[in-house]
Amino acid sequence: MEINGTSYERDVPASLLLVHFLRDDLDLTGTHVGCDTGSCGACTVQLGDEAIKSCCMLAVQADGASITTVEGLASDEGELTPLQQSFHEYHALQCGYCTPGMLMSATALLEKNPRPSEHEVKVALQGNICRCTGYWNIIEAVVAVGEKGTR
Amino acid sequence: MLLREVEYARPATVEEAITLLSEHDGARALAGGQTLVNVMKARAASPDVLVDLADLTELRTISFSADQSALEIGAMVTNTMVISSSEVEVARPILAEVAATIADVQIRNRGTVGGNVCVNDPTNHYPPLLAALGATFTIRSTSGERTASAEEFFVGVYVTAVSEGELLTKISVPTRKPGTGDAMAGITLGAHGTYVASAVATVSSEGVRVALGCVSSVPVRAMVMEERLAGGDLSEAAVRAAAEGLAASLDPPSDVHANAEYRGHLAEVSAVRAVLQAAERAKG
Amino acid sequence: MTAIETEAGTLQKGSAVGQSVPRKEDGRLVQGQGVFFDDVKRKDMGYLHFVRSPYAHATIESIDVSAALEMPGVYGTLTGDEVAILTDPFFQIAAPPGGHVKDYALAVGKVRYLGEPVVAVVAETRELARTAAEYVMVEYEPLDVLVDARAALADGAPVLHEECGGNLSYSGVWEWGDVDAAFAEADHVVSIGELHFDRFNSTPLECGGALVEYNRGTGQWTMYTNNQFPGFAAIMMGPAMRVGLDKLRIVTQDIGGGFGNKITSHPQLVVCCLLARKLKRAIQWTEWRTEFHQSMSHGNERWFENTEVAVKADGTLLGFRTKAIDDAGAYLRYEPLGGVIWSQVAAGMYKWRNIWLEFTQAMTNKAPVSPNRGYSRMQQLWFTERVIDIVAQTLDFDAVEIRRLNFVQPEDMAYETPNGCVYDSGDYPRAMDMALELIGASDIETRRAEAASRGKLLGLGIGSTLDSGTNNFGQSQLINPELQFSGNNEVATVKLDIFGEVVVTLGTTPQGQGHETTAAQVVADILHCDVDVVNVRVGHDSYWNSHAGFSGTYASQFAVTGLSAVKGAADMLAGQMVKLASMVFQCPEEAIELADGFARIKDNHEAALPFMALGAIPNANNAGFPDDPPTMNCRYVYRPPFDVPDKERKFGNLTLTYATQIHACVVEIDPETGVTEVVDYAAVDDCGVRINPQIVEGQVMGATAHAIGAALWESFVYDEDGNLLTPNFYDYHVPHALDMPPLKTGAFESPSPFTPLGTKGMGEGGGGGIHCICSGIQDALRAAGGAIVTDSHNPYHRVWEMLSHPERSRETIEVTSR
């Protein structure tokens, strides 16, 4: 499969979840685990252009797929995307554990809908639990990126 | 999080999938996996073989039946596809409206209509919806194809008319005729959360159909209420009167969110609200 | 520049302090480059999985690990019997009877709650460890189960810890003022049968875990873990493991939320340590969500029985009596400290002068409790707020006015409470007015009518709450006079490195509170340099970070203890920089100033030494000075001013600062279903000087979300067999984005006269939102039977019950008037 533009080929047991494959086999530890029921969205990655939960998918199911993780957002030189920058400016993160999943859900939203309304942002983030911020700063950070017309 | 060992196959055709499912005891079809993978994480189920239906593109289509009377939804159509389908929008928009409230974007992107109905969790959205709409289910096996009504299809939690070696291939939903209104109402744990009680109503010239979720292992039709409303008076007073006694007629489960009495009450309230909204929509 | 006068001195708010400086932490975290414990890996590490008890109460008849050990790829196991040989029971904070509890890292002989770790299995992969755990055969003999603390002390109740002779862990009577006289003076006595504060916790998104290595050469363990109070973990672990604390190196970088719930992971860490030594390999333990819910750090559940409130005709509150029954769960991991912590806010924000409270804590077959955001104070604050609203409704006082009448007033500050605590500063009426204005309280009747036209019941809620911070650990002696803890401390180092970098280390273990940023703001202003120049070391390493006995991140104190330590060390460094410049320029120190990243002569700005020179001279170019140049490496321990409380009278100052929060909300109830929605919300915070207003606001908003969850959805519910019915995020519903009401915030600053920066600890929020929503629900229900809210947790079914049978709660309230 292709992850953040790099091709990987590995033999893995069918029982291995995609999130464990990313974290443990490829050391892409930005993708997190916050629950064991597919509820929290900390493991959200992009499969093609869609946000999905990598704990609800087997690694083998992603064979041949193209995946983007949080590590694939900023440039190699560390230049943040406008969305990452907006999270920083709006204090949209505290502990930062949910942040990669939030960013991936919001990135997928902005690709489809570059100027989302507040409600559309909430809907897009409904599958991502944050226990620190109370959500509003996250919602505002995403809306602001849309208003600026950049992603 | 940690699954037992499992074999995995990703067949290219429906025939191949059915062969795999019938050849292996303990084989299980893997659709979107948004329930099954979680069940496997909890080790509440541990199939020996997963037959991944992802490559069966013929199950990923939404189209009309030859006589245009039904919308045919492939079992592997995702909720996101339902939401954005122009066919659904034209022929039965309630499907998209309900799909948009299932869990969250990520789960809607992967979760399929076929998976949702085959799981038949009593809190799921599609079982009462499809029961109310009078959908039929097409099931294929090595010996051919058969269809089942919603009443026949839903048997129990995780149990449907699809038996070992069989595969649900499509769901046919009657297209909406003019003067038809559909609505779903219920109580969820938080926005877009799990249903504690739900009801779907469809109102048309043929009468009223009401199906309840969460009150039994299968969707329950509110037959008495339907009969009382057959006369066509869908005023609020009439609908409330028709629902009288509905709660008492049910034998709903108790859990941490609602005891049987409260859940029965919520089912009755949901039924009233669904019918009233459907009636409003039926007026156009 | 604003100057803030405090009794302790004048703080010049400079270019950094008081600004919403975007956080230094964010860069790594938004790129997925944070390092959480589960990101740390070692070659050939073994994955640990716990075999957990399926029973809430049972004796362990036998354990057979042989089948698991035979599986290829399984590295080894650890059982309770081994733990009982290799370790001593953990130190108990309680005096007898609770002090007799024998608590080990794994169950020994008996299990006392569902999910209790019984055996640990280590294997080559995570999946295999779990599978092997299924092959461990444990025979149990189930015992009767106790899930209700109220029944714990009854004759014939099942006993959890036989050595305690019953289920009581702690009891004590707390009495201040002249309670009998207060009741004699009262015009009305309001009796409230029973109030219940529910069991929940903050469910940080990252669960517990560790990567533990054992160095056979030095005998030292290194734990990469997310424990949030390593100092406490170490003093629990060292004696139990019979090793000195220096053998226990605890390292954290990033922690995925804590909220107190990650203080008591020491039992699991001991298991990891024992296995790392036994199996001669690194041990990786990741706790999954269901395990966390079943076993980690629930909040204190508490009842208030037979409460009586003495009220004068004008609404003045004279005093109260109540019997608090607290449920500690199965073990006393941090308890019974909850038995004293509540008394920091015994009377809440009100001028009750006469208080009688009998506190009884019992052990039950439920997960052990430990601190949870607002620990033990929010239960008491919720109680005071419920009492106010119940008195108001029962005696027909206005809920706002009765608060205003009874609030401690700004002119009363600093205010000594009946039990000797000192509220340092604040303006509670102003905070309430601000909150009411933000929520639009003056239009509430219009809104109520509009909601009624839609068939909805609308209510206005108020939650007045205190965030007491910077503990005087001497309060522990009020529950166990033998304990040798008092005061508090925190440490920081600030140094100037050879190329002029300012490097700060903290003793704390932040979990999202932005310590790197606020510490840098304080240092930058003192050294007159840019925030970006200040490099605050990330995370905590007990081996290398300087730390003090109470170091850690808990109990709303960083802005006081942490930043005061930072200030102290930065002041020392500033002094050294000035001194060195005076030595170089051979002028008096008074002639030197720090400005714009230089030490320079005030009257001659050309004579200036950059930080680089100041760092290089003592470090690398120090010949020729007649006296030693200063080291540019400064360590400061901040010790807040405390006395040991009076154990006889249970009297003394227990915390240094009291931040205020007033919450206001509008709730709507669907009378047909009981579905309750918070439709509007405002929170006002006064935490003294705010170093970084954006971070303060973020804490307020986060605490609000926790409170909304706890008020409506989040609850650890057990059935009578001790099964946890809400073990995951399906059934334990936490607020999601769509669940959050519109949220307005307000703030003003009443600087603390007692702290070097005028700051107050904040962050926990005192459960203000819980009080507020309960208040709003009761207000909404007035138009539908007038039920009294007697529980902190009001899910839809409970609201429906109140709608269906309002008389049931009303009948628990009695008024005697003269």
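Colleague: How many residues of chain A are in contact with chain C?

Modeller: This is a predicted model. Contact here means C-beta atoms, placed from the backbone, within 7 Å. On that basis chain C brings 43 residues, and chain A brings 42.

Colleague: Which element gives the largest share of the side of chain C that touches chain A?

Modeller: The elements of chain C with two or more residues on that side are α1 (26-30), α8 (289-295) and α17 (693-712). The largest share is seven residues, and the element is α17(C).

Colleague: How many residues on the side of chain C that touches chain A are charged?

Modeller: That side has 18 nonpolar residues and 17 polar ones. The charged residues number eight.

Colleague: Now chain B. Which element of chain C gives the largest share of the side that touches chain B?

Modeller: This contact takes 22 residues from chain C and 18 residues from chain B. On chain C, α4 (126-134) and α19 (796-804) each supply at least two residues. The largest share is four residues, from α4(C).

Colleague: How many residues of the side of chain C that touches chain B are nonpolar?

Modeller: Six residues there are polar and six are charged. The nonpolar count is ten.

Colleague: Turn to the domains of chain C. How far apart are the C-alpha centres of domain 1 and domain 3 of chain C?

Modeller: Domain 1 of chain C is assigned as 2-33 + 489-638, and domain 3 as 172-201 + 297-474 + 645-811. Their C-alpha centres lie apart by 39 Å.

Colleague: Which element gives the largest share of the side of domain 1 of chain C that touches domain 3 of chain C?

Modeller: The contact takes 28 residues from domain 1 of chain C and 29 residues from domain 3 of chain C. On the domain 1 side, β1 (2-6), α14 (515-527) and α15 (558-585) of chain C give two or more residues each. The largest share is seven residues, from α15(C).

Colleague: In chain B, which element gives the most to the side of domain 2 that touches domain 3?

Modeller: Domain 2 of chain B spans 57-174 and domain 3 spans 181-282. In their contact, 19 residues of domain 2 of chain B meet 21 residues of domain 3 of chain B. On the domain 2 side, α5 (94-99), α8 (126-133) and β8 (154-156) of chain B each supply at least two residues. The most, six residues, comes from α8(B).

Colleague: And how many residues on that side of domain 2 of chain B are nonpolar?

Modeller: Four are polar and one is charged. The nonpolar residues number 14.

Methods:
Residues numbered from 1 in each chain as written. Chains lettered and ligands numbered in written order. Predicted model: local features only at pLDDT ≥ 70, side-chain atom pairs only at ≥ 80, totals over all residues. Contact = placed C-beta atoms within 7 Å. Nonpolar A, V, L, I, M, F, W, Y, C, P; charged D, E, K, R; others polar. Domains from an automatic or database assignment.
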